[in-house]
Amino acid sequence: MADVLKHQGNFHWKGVEVLDYKNEGTHFQSVTRQILSKGHHELPAELRYFEIAPAGYSTLERHEHEHLIVVLKGRGQALSGAEIVTLDPFDVVRIPSAVWHQFRASRGEPLGFLCLVHKDRDRPQRPEVEQLAQLQSDPVIAAFVRS
Ligand code: MN
């Protein structure tokens with residue numbers, strides 16, 4: 001039998017709850033999360049939809065697992081390792097293993113994107129003081145990151 005989540009308009013899917021991005025923390029701003037698939041034995045990947053409100057941002061973090069992102073709505077930017085990339089609708093971005101990353105919505109528009117991850121994954125790490133200082137030694141990255 002087909003397993004279909006019907007889109008109900010405006011980036012909401014039938015029966016899917018709009019959750020907080022994370023349970024706690026002040027190191028991110030204005031982000032919601034919807035879990036579209038928890039993955040299955042033959043396809044062990046979780047598919048989520050995140051939406052960052054205008055001027056909001058995700059946590060600056062890194063981890064061993066990778067992200068595959070598909071932008072669906074709005075505009076923004078992402079830090080991935082030493083690079084800051086612009087994000088526009090339907091762009092596809094891979095965040096490799098172990099690189100520092102952070103997503104930001106533009107000032108005027110939200111940023112909504114699908115994010116695929118392995119269903120069994122390590123916990124994100126936030127930068128230590130020295131790691132943050134190292135990242136911020138690049139002035140472009142220093143101006144971009146929020147922590
Ligand atoms: Mn991440």
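In this predicted model, Glu 109 is partly exposed, with a relative accessible area of 33%. Its side chain meets that of Arg 75 in a salt bridge, at 3.4 Å from N to O. Glu 109 sits in the loop between β10 and β11 and Arg 75 in the loop between β6 and β7, so this pair ties together parts of the chain that are 34 residues apart in sequence. Through shared partners, Arg 75, Asp 88 and Glu 109 end up in one network of salt bridges. Arg 75 comes out as partly exposed, at 35% relative accessible area, and Asp 88 is also partly exposed, at 27%.

The count of salt bridges comes to 6. Another one of them joins Lys 73 to Glu 51, with 2.9 Å between the closest N and O atoms.

Together with Val 92 and Leu 116, Leu 68 makes up a nonpolar patch on the surface, and the three share about 240 Å² of accessible area.

The largest pocket has a volume of about 740 Å³. It is lined by 26 residues, and those closest to its centre are Tyr 21, Lys 22, Glu 61, Arg 123 and Pro 124. Strands β4 (29-37), β5 (45-57), β6, β10 (101-105) and β11 (111-118) each give two or more residues to this lining. By class, the lining of the largest pocket splits into 9 nonpolar, 7 polar and 10 charged residues.

The second largest pocket holds about 150 Å³ of space. Its lining is made up of Asp 3, Val 4, Leu 5, Trp 13, Leu 36, Ser 37, Lys 38, His 40 and Leu 47. Of these, 5 are nonpolar, 2 polar and 2 charged.

Note on methods
Residues are numbered from 1 along each chain as its sequence is written. This is a predicted model: local features need pLDDT of at least 70, side-chain atom pairs count only at pLDDT 80 or more; totals for chains, interfaces and linings use all residues. Side-chain values use heavy atoms; hydrogens and water are left out. Patches are made of residues with over 30% relative accessible area and no salt bridge: like charges are joined within 9 Å, nonpolar side chains (Val, Leu, Ile, Met, Phe, Trp, Tyr) within 5 Å. Accessible areas come from the Shrake-Rupley method with a 1.4 Å probe; for residues, only the protein chains shown count as cover. A salt bridge is a side-chain nitrogen of Lys or Arg within 4 Å of a carboxyl oxygen of Asp or Glu. On a 1 Å grid over the protein atoms alone, a cavity is a set of points where a 1.4 Å probe fits but cannot get out, and a pocket is an open set with protein on both sides within 12 Å along at least five of seven lines; lining residues have an atom within 4 Å of a point. Grid points are joined across faces, edges and corners, and a volume is the space filled by probe spheres set on the points. Helices (H or I, at least four residues) and strands (E, at least two) are DSSP runs, numbered from the N terminus. Ala, Val, Leu, Ile, Met, Phe, Trp, Tyr, Cys and Pro count as nonpolar, Asp, Glu, Lys and Arg as charged, and the others, Gly among them, as polar. Buried means under 20% relative accessible area, exposed over 50%, partly exposed in between (1.4 Å probe, protein chains only).
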